[in-house]
Amino acid sequence: MTPDDLRQQIELQVVELIKRKLADGTMTEERSQQISQVVLDTIRPGMTIEELYRAVPKLDDTLPELAPIVLPIVRQYEQEITQQAQRGVSELIRQGQFDAAASLAHKAISQDLKLVWEGKST
């Protein structure tokens, strides 16, 4: 999955959520426009996977309606990437490469890793 694939998936889920909430009357037209604009401003075409994964968790900071979309993506990121980083740090420690292990751990914590992840479609 490319970063643009993930971005498009998120945008599609947001559109579906908005349509559902407008149809059942739990969202106003004004709120739907606000949500759409924030999403378009936050996740843009051409973002790297790293930029995208830093931006996605910010969506539900001001738009709690998006939590059902954001949380599974954040959870999947944590499961896939964090576990890979933990394995890498453990392996580096076993090899006695303590500086490299510390550096990798720092990058994982600051989300400054170059991601190699094939995310799953939801």
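Helices α4 and α5 (residues 98–109) pack at an angle of about 165°, and their axes lie 8 Å apart. Since angles over 145 degrees count as roughly antiparallel, α4 and α5 are therefore roughly antiparallel to each other. Please keep in mind that this is a predicted model. Here is a short tour, starting with that helix pair and moving on to the core.

**Where α4 meets α5**
- The crossing of α4 past α5 is left-handed.
- From α4, the contact draws on A85, G88, V89, L92 and I93.
- From α5, the partners are F98, A100, A101, L104, A105 and A108.

**The largest nonpolar core**
- This core holds 23 residues, and the ones touching the most other members are I10, V14, I35, I43 and L66.
- At least two core residues come from each of α1 (3–23), α2 (29–42), α3 (49–62) and α4 (67–94).
- With six residues, α3 gives the largest share.
- As background, nonpolar side chains in soluble globular proteins tend to be buried together.

**A closer look at I43**
- Setting aside neighbours within four places in sequence, I43 is in contact with R7, I10, E11, L52, A55 and V56.
- One of these partners, I10, is listed with I43 among the core residues that touch the most other members.

**The buried side of α3**
- In α3, the buried residues are I49, E50, L52, Y53, A55, V56, L59 and D60.
- These buried α3 residues pack against α1, α2 and α4.

Conventions: Residues are numbered from 1 along each chain as its sequence is written. This is a predicted model: local features need pLDDT of at least 70, side-chain atom pairs count only at pLDDT 80 or more; totals for chains, interfaces and linings use all residues. Side-chain values use heavy atoms; hydrogens and water are left out. A nonpolar core is a set of buried Ala, Val, Leu, Ile, Met, Phe, Trp, Tyr and Cys residues joined through side-chain atoms within 4.5 Å. Buried means under 20% relative accessible area, exposed over 50%, partly exposed in between (1.4 Å probe, protein chains only). Helices (H or I, at least four residues) and strands (E, at least two) are DSSP runs, numbered from the N terminus. Contact means heavy atoms within 4.5 Å. Axes are lines fitted to C-alpha atoms, for helices over the stretch in contact, and angles run from 0 to 180 degrees between N-to-C directions. Angles under 35 degrees count as roughly parallel, over 145 as roughly antiparallel, 65 to 115 as roughly perpendicular and the rest as oblique. A crossing is left-handed if the near helix is turned anticlockwise from the far one by less than a right angle, and right-handed if clockwise.
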